[in-house]
Amino acid sequence: MASPLAVGGNQVVVIGAGIGGLTAAALLARRGYPVKVFDQALVPGGCASTFKRRGFTFDVGATQVAGLEPGGIHHQIFETLGMPLPEASPCDPACAVFLPGETEPINVWRDPIAWQQERQRQFPGSDPFWQLVKTLFQAGWRFQGRSPVLPPRNLWDLGRLLQALRPDTLVTLPYTFATVGQVLRQLGLASDLRLKTFLDLQLKLYSQVEAEETAMLYAATALSVSQAPQGLFHLQGSMQGLSDRLEKALVRDGGLLQMRHRVQRIHTQAGRVVGVTVENSKTGRTWVEPANHVIANVTVQNLVELLGDQMPQGYRRRVAELPPSSGAFVIYLGVEAAAIPPDCPPHLQFFYHYDGPIGDNNSLFVSVSRPGDGRAPAGQATIIASTFTDVAPWWHTTDYPALKQTYLEGAIQRLSSYFDLSPGHLIHVEAATPRTFARYTARQQGIVGGLGMRVSSYGPFGFANRTPIAGLWLVGDSTHPGEGTAGVSYSAQTVVEQIAAA
Ligand SMILES: Cc1cc2nc3c(=O)[nH]c(=O)nc-3n(C[C@H](O)[C@H](O)[C@H](O)COP(=O)(O)OP(=O)(O)OC[C@H]3O[C@@H](n4cnc5c(N)ncnc54)[C@H](O)[C@@H]3O)c2cc1C
C-alpha cells in the first residue's frame, strides 16, 4: 500500500484562514483545485477578524482596507471569484494625525489636491520630497500592477519580473537601496521635526519601522495609497466582511475550511512537501493530510517552526537573525456616543511626547465606528486604539495581569484627552496584548504586521513566496508586498499563479 504521504495528488492544503490563506484558497478552488484550509482559531480572518461583546462588534486588528477601488487588489479578486464587493465607504481623511501639544490635526485627505494644500500648509518647503514620492509611487504602482514576482527564485519568476519592468521603472532604480531618512537629508529636510515626526508615525503604521529605516520605494507607496484614485476604506458591518466573502467563494467552489484545526507539522520527502499533520482541537485527533502543495499563511518564524530541521539551515539562520518584530497592545472600548466629540474623524493618530517612543502608549492609532456602520447599537460607538510594543516584556514579566492593567489605564488616560471617557460613558472595556495575539492568531510571540520594510527586507530583498522546499509556499505579511489585507492578497494572487504555472 502506498504511504499516505505519497498520495497527495493535486491537493492543496492551506495552513491558516487569514486574508492571505483564504484568498489563495478561494482563487485555487475557483480554478478547480481541491483545496483544504485548516485554521486553529474559532473564526476565520486572523488579524482581520472580529469579536462580539454586549452588542458591539470589534475589529480585532485591521480597521482600514486598501485595494477596494476599481482595479484595486481586493476588487480584482472579488471580480475573479464572482463575488460582490463588501459594502464600504472611503476614509476621508484617511487619518487625522495629532503631533505633541497640537490640537489641530494634520489631515491626510483623500483628494490629492486637498492633501497637497494641507502638506504645503503643514510642512512648508517639503514639496521636493512629496514630488519625489509621487514620481516613485506612480512608477512603482504601474510596476506592481504588472504582477512581478519579488524576489524571483526561478526562471519563471524572473520572467514575470522582467516582463513587469518598463522604461518608466528606471526612475525607481537609483532609490532601490535608499531609506526615507537618507532622502530627507539629501533634500535638506532632515531638520524639519514636524515633517520627520509625521513621516515616522505614518511609516511605523504601514511599514513597522520609522523614516530612518523604511525603504524609500516602499514608503512612496505607503504614503500615497490613501489618495484617490486609490484610497483607504471603512467596511460596512465589520472587517469580517472580507473573510466571509472569501469563505463563501471557497465553499461554493468545492473547497473545505476547517476551523479549530491546528497544523502541527509540515512533512517533506526528498526536498518536496508531501503533507501536514493536523490536530482537531475539539477531539484531540491528529492525522496526516497528504498534499501536493502546501500554502503556509503564517509568519516566516512560524514556518521555520513547522518545518523544524527539514528547513535548510541558511533559511533558518536568516530568520533567526531578523531584527525583532513588533507586537501590539490594543484596547477595545464600547461607549455611549456622547464619548465621541462632534465631527470626530474615523481614524486618528496621536503622538504625545517628542522625546518618547512611537509605541507603548506614547502614540496611539485610533479607529472610531460610524453611526449605522454595524459595529454598535444605536446611540453607542466603538473606539479601538492600538500602540506598538516590544513583545519580549509581555512574555518575561512575572506579573502579566499587572502589566496589562498598567497599559490599559495608560491608554484610557491618554485617550481621555480627546474622548469623554467618564465612567458613565464606558460600557465595555477589553484589551489584547502580544499574548492575546499569540493565542488567537498563533503568530509566534504575538508579533503582528510583518517584518519591517527595511532595505534589507522589502520587495527585492525580502522572503519569497517560493520557499526552498518544492511545493511549499509562503503567503501573508512576511512576504512581498508586506502587511495589510491588500498586501497579503497580492502575495496570495502571486502564489496561485506560481502554482498554476507549476
Ligand atoms: C492592531 C493591528 C492593526 C492593523 N491595522 C490594519 C489596517 O487598518 N489595515 C490593514 O490592511 N491591515 C492592518 N493590520 C495588518 C493586517 O491585519 C495583517 O497584515 C493581515 O491581516 C495579515 O493577514 P495574514 O493572512 O498574513 O495572516 P493572519 O491574519 O495572521 O492569519 C493567519 C491565520 O493562520 C492561522 N494559523 C496560524 N498558524 C496556524 C497553524 N499552525 N495551524 C492552523 N492555523 C494557523 C491563524 O489562526 C490565523 O487565522 C493591522 C494589524 C494589527 C495587529
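Student: Why is Glu213 called partly exposed?

Tutor: In this predicted model, the relative accessible area of Glu213 is 37%. Buried means under 20% and exposed means over 50%, with partly exposed in between. The value for Glu213 falls in between, so the residue counts as partly exposed.

Student: What makes Arg454 and Glu213 a salt bridge?

Tutor: The rule asks for a side-chain nitrogen of Lys or Arg within 4 Å of a carboxyl oxygen of Asp or Glu. Between the side chains of Arg454 and Glu213, the distance from N to O is 2.9 Å. That is within 4 Å, so the pair qualifies. Arg454 belongs to the loop between α14 and β20, and Glu213 to the loop between α7 and α8 (216-222), so the bridge ties together parts 241 residues apart in sequence.

Student: Is Arg454 buried or exposed, and how do you know?

Tutor: Arg454 has 14% relative accessibility. The cut-off for buried is under 20%, so Arg454 counts as buried.

Student: What makes Arg466 and Asp157 a salt bridge?

Tutor: Their side chains meet at 2.7 Å, N to O, and the limit is 4 Å. Arg466 is in the loop between α14 (434-441) and β20 (472-474), whereas Asp157 is in helix α5, so this pair ties together parts that are 309 residues apart in sequence. Both partners fall under the 20% cut-off for buried: Arg466 has a relative accessible area of 18%, and Asp157 has 0%.

Student: Where do Asp200 and Lys196 stand relative to each other in helix α7?

Tutor: They are four residues apart in α7 (residues 193-207), which means a separation of about one helical turn. An α-helix has 3.6 residues a turn, so residues three or four places apart point the same way. The closest N and O atoms of Asp200 and Lys196 are 3.3 Å apart; that is within 4 Å, so this pair is a salt bridge too. Asp200 is buried, at 8% relative accessible area.

Student: How many salt bridges does the rule give?

Tutor: The count comes to 17. There is also a network of salt bridges that links Arg30, Arg252 and Asp253.

Student: Which peptide bond at Pro93 is called cis?

Tutor: The bond from Asp92 to Pro93 is cis, with omega near 5°. Pro93 is in the loop between β6 (88-90) and β7 (95-98). Another cis peptide bond joins Ala228 and Pro229, where omega is about 10°. Pro229 lies in the loop between α8 and β9 (232-235). Most peptide bonds are trans.

Student: What makes the nonpolar surface patch of about 390 Å²?

Tutor: Leu155, Leu158, Leu162 and Leu165 make it. A patch residue needs over 30% relative accessible area. Leu165 has 38% relative accessibility, so it passes that cut-off. Leu165 lies in the loop between α5 (155-164) and α6 (180-186).

Student: Why is Gln11 called buried?

Tutor: Its relative accessibility is 13%, and buried means under 20%. Gln11 is in the segment before β1 (12-15). Beyond its neighbours within four places in sequence, Gln11 contacts residues including Pro34, Lys36, Glu289 and His293.

How values were computed: Residues are numbered from 1 along each chain as its sequence is written. This is a predicted model: local features need pLDDT of at least 70, side-chain atom pairs count only at pLDDT 80 or more; totals for chains, interfaces and linings use all residues. Side-chain values use heavy atoms; hydrogens and water are left out. Patches are made of residues with over 30% relative accessible area and no salt bridge: like charges are joined within 9 Å, nonpolar side chains (Val, Leu, Ile, Met, Phe, Trp, Tyr) within 5 Å. Accessible areas come from the Shrake-Rupley method with a 1.4 Å probe; for residues, only the protein chains shown count as cover. Helices (H or I, at least four residues) and strands (E, at least two) are DSSP runs, numbered from the N terminus. Buried means under 20% relative accessible area, exposed over 50%, partly exposed in between (1.4 Å probe, protein chains only). Contact means heavy atoms within 4.5 Å.
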